[in-house]
Amino acid sequence: MAVPKDVVKEVATTPVVATRKRRGRKLFRNKQLWIGGIIVGVVVFVAIFAPLLSPVGPNVNDYTNILKGPSAHHWFGTDQLGRDQLARTMIGARTSMEVAVGALVVGLVVGIPIGLITGFYRGFLDDWIIMRIIDAIQAFPFLILALVLAAMLGPGARNAMIAIGIGYVPIFVRTVRGQVMAEFEKEYVVAARSLGSTDWRIMWKHILPNSMTPLLVQATMAMASGIVAEASLSYLGLGVQPPTASWGTMLQNAQGYLGQAPWLAIVPGLAIVVSVLGFNVLGDGIQRWLDPRQER
Amino acid sequence: MAYIVKRLLTMIPVLLFLSMMVFSLIHLIPGDPAQIILGQDATPSAVAALRAQMGLNQPLFMQYVQWMGKLLHGNFGTSLIDHEAVMKLIGQRLPVTVELAIGTLIVALLIAFPLGILAAVYRGKWADFVALFTSTIGLAVPPFWIGIIFLLLFTVKVHLFQSSGYVPIWQNPGQNLSTMILPMVATGIREAAVLLRMLRSSLMEVVDQDFVRTARAKGLRGFVVIVGHALPNALIPVVTTAGIQIAGLLGGLVITEQIFSLPGFGQLLVQSVFSRDYTTVQGAAMVAALIVVVVNLIVDLVYGFVDPRIRLTGGRS
């Protein structure tokens with residue numbers, strides 16, 4: 001019996017359209033998504049256009065203006081070498097984003113395939129080897145792992161990225177693995193399998209796209225912890241090396257001048273707080289938007 | 001029982017991989033570790049002697065077996081700088097960190113519980129808003145920045161506390177607390193934020209359940225319902241969170257100790273990193289990971305004890 005084409009089309013699309021409309025309305029009402037998105041947008045904008053936005057170079061010394069408080073000329077004051085703190089904070093945003101994004105890429109590139117494969121082919125290898133290695137990595141406190149790896153690999157932005165990224169791997173492996181295990185028994189996967197799709201295709205084309213929500217939320221939250229980790233490593237002297245401006249090195253430098261120049265400690269700290277807050281709130285917003293269980 | 005056995009058995013591969021990772025750390029160093037430790041000017045014979053002392057001239061597998069054998073006897077090797085047993089160095093520093101960690105958790109509980117309970121009693125009202133705001137901001141503020149701001153406010157601007165001159169608590173409790181209170185609060189705020197967030201959402205979920213409605217219907221006051229009925233049932237995820245937090249806390253304390261110049265475990269780690277004292281770095285990393293593994297084990301066992309459903313189903317995967 002032939003079914004009219006337009007009926008098939010309607011049946012197939014109505015729920016999708018309804019879902020899209022509901023998501024659209026939810027998107028509009030979702031304050032967290034908006035607030036987080038705007039903060040992150042501003043931070044990313046500053047990070048990208050820092051050299052154009054900043055009034056002077058971040059490493060320009062001005063020995064006639066040493067440890068000067070905030071003024072019309074230097075909004076955030078100057079440090080012990082007369083360097084403009086506004087310019088350094090803006091370049092610091094770029095450093096911070098570079099390291100956090102780099103670490104995120106390391107974490108995702110290593111974590112997603114492992115999560116997919118271990119979730120798909122469960123058994124001895126998954127249960128007793130790979131997941132226990134993940135447990136072992138996770139047993140190291142995040143900052144201690146990053147510290148020790150950065151120490152062994154040598155200080156610098158690239159090694160900080162790798163060190164922080166390795167700390168992310170367990171998070172992404174667990175997230176993807178959990179999703180794969182949840183999706184594995186669902187009808188669309190069974191259907192794809194009965195149509196003869198290869199395991200590889202099912203993993204990457206079917207399960208992964210359906211696992212994007214928790215992954216996106218985790219990635220957003222990981223950006224927040226990456227910013228703090230980069231600042232911590234740089235504060236300890238194992239991240240970005242001076243004279244390159246980073247919020248961590250700026251705070252480390254400020255500690256020596258707390259009595260004379262307290263503004264040096266306040267501005268980079270606030271920059272960290274605002275960016276971390278932005279990514280955390282954005283993550284909550286994305287979760288609420290895409291996850292129907294978060295309706296309440 | 002089956003749950004406990006399975007949980008203990010899974011520890012074996014974890015500890016094995018953990019030891020392999022810590023062992024291989026030294027081989028991550030680009031170049032010859034002995035040459036790097038001694039510097040570029042070292043004579044080839046000195047480098048060879050150090051290589052022999054560190055066992056670097058043996059096959060990798062043999063190096064691991066020997067290192068592991070010592071480790072099982074509680075021997076983490078000798079510091080390359082102080083020439084003292086690494087275990088002894090760690091033992092000297094650990095009490096400072098343990099005191100700091102306990103104080104931090106107390107601060108966190110003192111902030112999180114009252115606010116979390118108030119948020120549940122006055123759901124959707126000002127107290128709930130304050131709790132949500134505190135946890136959101138608390139999560140975003142890095143503890144080391146709070147530490148620096150505390151130093152600025154309470155030791156530079158107002159001389160209320162001491163920023164240096166740590167003494168053990170058994171020698172002079174007053175002075176000890178004077179140097180420890182600021183770092184405890186600085187780290188505690190973040191831990192409080194994590195606990196508060198968890199406690200609030202856990203309480204909100206429990207509050208909707210039937211037994212809580214029954215308690216309300218009996219005419220009990222809001223506060224009694226929350227503390228007496230809802231809270232005990234909301235604690236399970238909070239206990240787990242507190243356990244998982246230990247790992248984050250240990251990492252956070254490394255940097256807190258650095259800011260407040262406290263002679264703890266974290267400071268030892270950072271100092272060894274900078275003086276390229278690789279055996280101490282290995283030892284410290286191993287101890288940190290072991291602490292986390294043991295605490296997580298305890299939390300899991302307590303968890304199974306508190307919630308019989310976990311024991312009966314054989315545990316989570």
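This is a predicted model: local features need pLDDT of at least 70, side-chain atom pairs count only at pLDDT 80 or more; totals for chains, interfaces and linings use all residues.
**Entry 1**

I began with how chain B is divided. Domain 1 of chain B covers 2-72, and domain 2 of chain B covers 90-306. I then looked up the spacing, and the C-alpha centres of these two domains lie 33 Å apart.

Next I asked myself how many residues of domain 1 of chain B are in contact with domain 2 of chain B. I found 18 residues on the domain 1 side, in contact with 13 residues of domain 2. Together the two domains of chain B bury about 1400 Å² between them, and carbon and sulfur atoms account for 79% of that area.

I also looked for charged pairs here. One salt bridge crosses the interface of domain 1 and domain 2 of chain B. I noted its partners as B:Asp300 and B:Arg7, with their closest N and O atoms 2.6 Å apart.

Which elements of domain 1 give two or more residues to the side that touches domain 2 of chain B? I wrote down helix H1 (2-28), helix H2 (33-38) and helix H4 (60-72) of chain B. H1(B) brings the largest share of that side, 13 residues. Sorted by class, this side of domain 1 has 16 nonpolar residues, one polar and one charged.

**Entry 2: where chain B meets chain A**

I moved on to the contact between the chains. Chain B puts in 51 residues and chain A puts in 43 residues. The area buried between chain B and chain A is about 4000 Å², and 82% of it comes from carbon and sulfur atoms.

I found one salt bridge across this interface. Its partners are B:Arg197 and A:Asp284, whose closest N and O atoms are 2.9 Å apart. I also have three residue pairs in polar contact between chain B and chain A (both residues at pLDDT 80 or more).

On the chain B side, I listed the elements that supply at least two residues each: H1, H6, helix H7 (143-157), H8, helix H10 (222-259), helix H11 (265-274) and helix H12 (278-306). H1(B) gives the most to this side, with ten residues. I sorted the chain B side by class too, and got 41 nonpolar, five polar and five charged residues.

A note to myself on H1(B): this helix supplies residues to the side of domain 1 that touches domain 2 of chain B, and H1(B) also supplies residues to the side of chain B that touches chain A.

**Entry 3: salt bridges within the chains**

A reminder for this entry: side chains of opposite charge can pair when their charged atoms come close.

In chain A, A:Asp135 pairs with A:Arg174, the closest N and O atoms being 2.4 Å apart. A:Asp135 lies in helix H4 (residues 124-139) of chain A and A:Arg174 in helix H6 (residues 157-183) of chain A, so this pair ties together parts that are 39 residues apart in sequence. I checked the accessibility of both partners. A:Asp135 is partly exposed at 22% relative accessibility, and A:Arg174 is partly exposed at 32%. I also noted a network of salt bridges that links A:Arg132, A:Asp135 and A:Arg174.

In chain B, B:Asp128 and B:Arg200 form a salt bridge, with the closest N and O atoms 2.6 Å apart. B:Asp128 sits in helix H6 (residues 126-140) of chain B and B:Arg200 in helix H8 (residues 173-207) of chain B, and the pair links parts of the chain 72 residues apart. Are these two residues buried or exposed? I found B:Asp128 buried, and B:Arg200 buried as well.

Another chain B pair is B:Glu84 with B:Lys88, at 2.6 Å from N to O. B:Glu84 is partly exposed, with a relative accessible area of 29%. B:Lys88 is partly exposed at 45% relative accessibility.

**Entry 4: a loop arginine in chain A**

Last, I looked up A:Arg83. I found A:Arg83 in the loop between helix H2 (31-53) and helix H3 (85-120) of chain A. A:Arg83 counts as buried because its relative accessibility is 8%, and the cut-off for buried is under 20%. Leaving out residues up to four places away in sequence, A:Arg83 touches A:Pro58, A:Asn59, A:Val60, A:Asn61, A:Gly77, A:Thr78, A:Arg88 and A:Pro243.

Definitions and conventions. Residues are numbered from 1 along each chain as its sequence is written. Chains are lettered from A and ligands numbered from 1 in the order in which they are written. Side-chain values use heavy atoms; hydrogens and water are left out. Domain bounds come from an automatic or database domain assignment. Contact means heavy atoms within 4.5 Å. Buried area is the accessible area (1.4 Å probe) that two parts lose on being put together, summed over both. A salt bridge is a side-chain nitrogen of Lys or Arg within 4 Å of a carboxyl oxygen of Asp or Glu. Helices (H or I, at least four residues) and strands (E, at least two) are DSSP runs, numbered from the N terminus. Ala, Val, Leu, Ile, Met, Phe, Trp, Tyr, Cys and Pro count as nonpolar, Asp, Glu, Lys and Arg as charged, and the others, Gly among them, as polar. Buried means under 20% relative accessible area, exposed over 50%, partly exposed in between (1.4 Å probe, protein chains only). A polar contact is a pair of N or O atoms within 3.5 Å; within protein, one must be able to donate a hydrogen and the other to accept it, and residues adjacent in sequence count only if both atoms are side-chain atoms.
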